[in-house]
2 protein chains.
Amino acid sequence: MSSSYDVIIVGGGPAGLTAGLYASRARLNTLLLEKAMVGGQIVNAELVENYPGFPQGIAGFELGQLMHQQATKLGLQTVVAEVVGVELKPEHRAVKTDDGGYIAKAVIIAGGSEYRRLGVPGEEALTGRGVSYCATCDAPLFKEQVVVVVGGGDAALSEALFLAKFASKVMVVHRRHQLRASQILQERAFAEARIGFLWNRVVDEIEGKGRVAGVKLRQVETGELSSLEAAGVFVAIGLRPNTRYLEGILPLDEGGHILANDLMETEIAGIFAAGDIRHHSARQVVAAAGDGAAAALSAERFIRELG
Amino acid sequence: MSSSYDVIIVGGGPAGLTAGLYASRARLNTLLLEKAMVGGQIVNAELVENYPGFPQGIAGFELGQLMHQQATKLGLQTVVAEVVGVELKPEHRAVKTDDGGYIAKAVIIAGGSEYRRLGVPGEEALTGRGVSYCATCDAPLFKEQVVVVVGGGDAALSEALFLAKFASKVMVVHRRHQLRASQILQERAFAEARIGFLWNRVVDEIEGKGRVAGVKLRQVETGELSSLEAAGVFVAIGLRPNTRYLEGILPLDEGGHILANDLMETEIAGIFAAGDIRHHSARQVVAAAGDGAAAALSAERFIRELG
């Protein structure tokens, strides 16, 4: 017999924690399932400068703890388990985890996104051995060394700028001839002497025995092959939403994000989405938190109308 | 000659302040226009318990000040003036105020909504001291106490049902002999033992010294006067978005809220909407702030693409 709740929230980042705060405060019996550590992606952020209310900034880890403390104080229960499936039954929704099942009247999916991988030879074997997805975490390991950043968006340039504080040279490899990143980041990156750009190139392979030694590059227009020595490869090509277990159950966009309306309702009654996992999410802490509040209010209304 | 900006933000509540934070941090020359005091509706909230990151709660006034300080530190300029019109020109947008005009590449409308007020003695003085316009915000402050809800629509019954989870008794005062609310909400409310109804009555006065003590009621058909002790009065007679000056310029819903997509874009290029003024807003501080972040990111993208 599965434990039964009013609301189950999948994911303990800012969206899930805020949904938990709102659902618990509405006196709904609420369970949050998180596979690793509450706080989500922000736990790796040294300083969150753009969450309103903290003029001096706040460490991501600390902000996650504060949000969790606030929701817990209002009654939110948290269990560490990875969700592997959701089933729709006529009278409730069943959530399966790697450590047992739960049932709920409403489910809020706030599972965030994971870093997208290049999918090239050497990447998996050398992850943690020079291949990284988080400059904030690993940049200090590459002092006075050459590193490669792969990507052309805000994330890639943010990583490059951070790495430039440590590395001797940061080469940004981008598949196009111009960046997608915001103007301010482009200006900053172009002005930083330690940052260089390799345009119209993709990484074909990450080389090294036991540790990254370099990358093989391909010019996408000419097919020209080249190689570059580097001690580190930072992959910043985007995020993959954690929705594989939802395929065939919920409507997803082509990137795998959940389609939901502006009340955070999916097409399936009783299932709501919030945060980075949602199509057109702004991918900002405060926007994810706002989604979480809206999703919890919609879930509360849904449960009230069930009677 | 009007002063010229990249972004003008109309309204200094959480949505406008967060938009200001994001736009300024993106190095956009940004002006915020606020007609009264930064902070918006939250300045009246004694304690905001549901803004994530503050487990002990925070006074609404203080939260508004912190948000303003953070945005100002990043370069946001603020002018106190009431916006009376927006004009669309081919090359920019012009914002007219009661104290001069401004032009901008992008405008973010975050002017909020005002709760319709009863307009009776005691209401203004006791707002935030027992008089509230938001059960989601304030219901937990009335545990095991008697509260009054004024109104007969969906909002009033939603407020009453939410309050019934906390209060010992919820008396709904309605000027007619039947409700406008949807059938399902009526059924729920009639089935809830803690909810009672006082028909054909209006509130003539809210009584109390420094804190709500009760209401004076008048029977609209007989003129009979009565009084009722209560610790809280929740006024739920509708919202009025601050959009009168936008009629004929922007598409509005029938209640006067701005129609915008999930990127906060309106149908008019370069005009964005954020917060309570937006159709289907969750009407919560954190959701408004999230809207503000999303609107500023969209405005930044719009300006970048203008070149």
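The structure is a predicted model.

The interface brings 47 residues of chain A into contact with 48 residues of chain B. About 4,200 Å² is buried between chain A and chain B, and carbon and sulfur atoms account for 54% of this area. Polar interactions are also present: 29 residue pairs, both members at pLDDT 80 or more, are in polar contact across the interface of chain A and chain B. Four helices of chain A, namely α1 (14-25), α2 (60-73), α5 (183-191) and α6 (285-306), each supply at least two residues of the side that touches chain B. Of the side of chain A that touches chain B, α6(A) provides the largest share, with eleven residues. By residue class, this side of chain A comprises 22 nonpolar, 13 polar and twelve charged residues.

Charged pairs contribute to the same interface, where four salt bridges are found between chain A and chain B. One of them links B:R27 to A:E187, with a separation of 3.7 Å between the closest N and O atoms.

Chain A is assigned two domains. Domain 1 of chain A is made up of residues 4-114 and 239-306, whereas domain 2 of chain A covers residues 117-235. A distance of 32 Å separates the C-alpha centres of domain 1 and domain 2 of chain A.

In chain B, an open sheet contains five strands in the order β8-β15-β9-β10-β11, and the pairing is parallel.

B:E207 has its bridge partner in β13(B), namely B:G214. Together β12(B) and β13(B) form a hairpin, with six residues between the two strands. In the turn of this hairpin, B:G208 has a positive phi of about 145 degrees.

Conventions: Residues are numbered from 1 along each chain as its sequence is written. Chains are lettered from A and ligands numbered from 1 in the order in which they are written. This is a predicted model: local features need pLDDT of at least 70, side-chain atom pairs count only at pLDDT 80 or more; totals for chains, interfaces and linings use all residues. Side-chain values use heavy atoms; hydrogens and water are left out. Contact means heavy atoms within 4.5 Å. Buried area is the accessible area (1.4 Å probe) that two parts lose on being put together, summed over both. A salt bridge is a side-chain nitrogen of Lys or Arg within 4 Å of a carboxyl oxygen of Asp or Glu. A polar contact is a pair of N or O atoms within 3.5 Å; within protein, one must be able to donate a hydrogen and the other to accept it, and residues adjacent in sequence count only if both atoms are side-chain atoms. Ala, Val, Leu, Ile, Met, Phe, Trp, Tyr, Cys and Pro count as nonpolar, Asp, Glu, Lys and Arg as charged, and the others, Gly among them, as polar. Domain bounds come from an automatic or database domain assignment. Two strands pair if DSSP finds at least two bridges between them.
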